[in-house]
Amino acid sequence: MSEAEDPASPPRRRSEKSRVAIIDATRALLLERGFDGLSIEAVAARAGVGKQTIYRWWPSRPALVADVLLEDADKILAAMPRTGDLTADLVSWAGRLASALTTKRGNAMLRILTAASLEHDDTAARLRAGFSRPLQESVRTRLMAEHIDADLASTAADALLGGVVYPILSDGRSYPPERAEAMARMIVAGLPQAGGSAPGARTTIGTAGK
């Protein structure tokens, strides 16, 4: 009998051990086999628990995968710098995001997230709320802090996030962070208020990377 389901342990402690074992097993199997190769049976065997223990907390395979991905999301959702130089901040943020998503673990996470989102609408909504939306909001909030129009800030944030994530899905780990940084510079350069043309605008165009 596994330690995760040892009846001699107090129920609360035993439940937490089981939960951690299931999360760890799912994470390891996702990295080894990918989303398509993951099964509840394999997770149960690796974690040393019964399938009913897994279904007690997660109603489906996508729901389990979503929880594992969201537990790891904080490793990618880096804080947006606020140095007072908009270009430098977005260039730094985009480069760090690209670097995180092109590590072995980060790239696997991105691909699994994409596959899981396609399988189940509820899972897709949870992953957008816990992963995609915070990334987009980081850029949008930074732009709006420089008096850039909200709609334009949202469009620019979508362009930057998409301009980093989609090439990585295509090119994989060979995607260089410098491309993400160049994308950030191009987007900032195209913002009509980024040069301070609007009254009271505080945005500073930096020289990062020049």
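Helix 6 and helix 8 pack at about 95°, with 11 Å between their axes. That angle makes helix 6 roughly perpendicular to helix 8; angles of 65 to 115 degrees count as roughly perpendicular, under 35 as roughly parallel, over 145 as roughly antiparallel, and the rest as oblique. Axes here are lines fitted to C-alpha atoms, for helices over the stretch in contact, and angles run from 0 to 180 degrees between N-to-C directions. On the helix 6 side, the contact is made by Asn 107, Leu 110, Arg 111 and Thr 114, and on the helix 8 side by Val 165, Ile 168 and Leu 169. Contact means heavy atoms within 4.5 Å. By class, these residues divide into four nonpolar, two polar and one charged. Ala, Val, Leu, Ile, Met, Phe, Trp, Tyr, Cys and Pro count as nonpolar, Asp, Glu, Lys and Arg as charged, and the others, Gly among them, as polar.

A word on the model: it is predicted, local features need pLDDT of at least 70, side-chain atom pairs count only at pLDDT 80 or more, and totals for chains, interfaces and linings use all residues. Residues are numbered from 1 along each chain as its sequence is written, and side-chain values use heavy atoms, with hydrogens and water left out.

Helix 6 also meets helix 7: their axes come within 6 Å and cross at roughly 140°. Helix 6 and helix 7 are therefore oblique to each other. Met 109, Leu 113, Ala 116, Ser 117 and Glu 119 of helix 6 make this contact with Asp 121, Thr 123, Ala 124, Leu 127 and Phe 131 of helix 7. Sorted by class, the contact of helix 6 with helix 7 has six nonpolar, two polar and two charged residues.

**The whole chain**

Stepping back, the chain has nine helices and zero strands. Helices (H or I, at least four residues) and strands (E, at least two) are DSSP runs, numbered from the N terminus. Buried residues make up 45% of the 210 residues in the chain; buried means under 20% relative accessible area, exposed over 50%, and partly exposed in between (1.4 Å probe, protein chains only). Among contacts between residues at least 6 apart in sequence, 65% join residues at least 24 apart.

**The nonpolar core**

The largest nonpolar core has 59 residues, and those with the most contacts inside it are Ile 54, Leu 90, Leu 143 and Leu 160. A nonpolar core is a set of buried Ala, Val, Leu, Ile, Met, Phe, Trp, Tyr and Cys residues joined through side-chain atoms within 4.5 Å. Several helices each supply at least two residues of this core, including helix 1 (11-33), helix 2 (40-47) and helix 9 (177-189). Helix 5 gives the most, with nine residues. Leaving aside neighbours within four places in sequence, Leu 143 is in contact with Leu 86, Leu 90, Ile 148, Ala 153, Ala 156, Ala 157 and Leu 191.

**Individual residues**

Arg 27 is found in helix 1. With 16% relative accessibility, Arg 27 counts as buried.

His 147 sits in the loop between helix 7 and helix 8. Its phi is near 65°, a positive value in a residue other than glycine, and His 147 counts as partly exposed at 38% relative accessibility.

Leu 152 is found in helix 8 and is partly exposed, with a relative accessible area of 28%. Leu 152 touches Leu 191 and Pro 192, not counting residues up to four places away in sequence. Ala 182, in helix 9, is partly exposed at 39%.

Here are some C-alpha pairs involving these residues.

| Pair | Separation in sequence | C-alpha distance |
|---|---|---|
| Leu 152 and Arg 140 | twelve residues | 8.8 Å |
| Ala 182 and Ala 94 | 88 residues | 9.0 Å |
| Glu 32 and Ala 108 | 76 residues | 9.5 Å |

**From the record**

UniProt, in an unreviewed entry, lists residues 39-58 as "DNA-binding region". UniProt positions are given in the numbering used here, feature names are shortened, and annotations may be inferred rather than shown by experiment. In the model, the end C-alpha atoms of residues 39-58 lie 13 Å apart, and the span is 75% helix and 0% strand.
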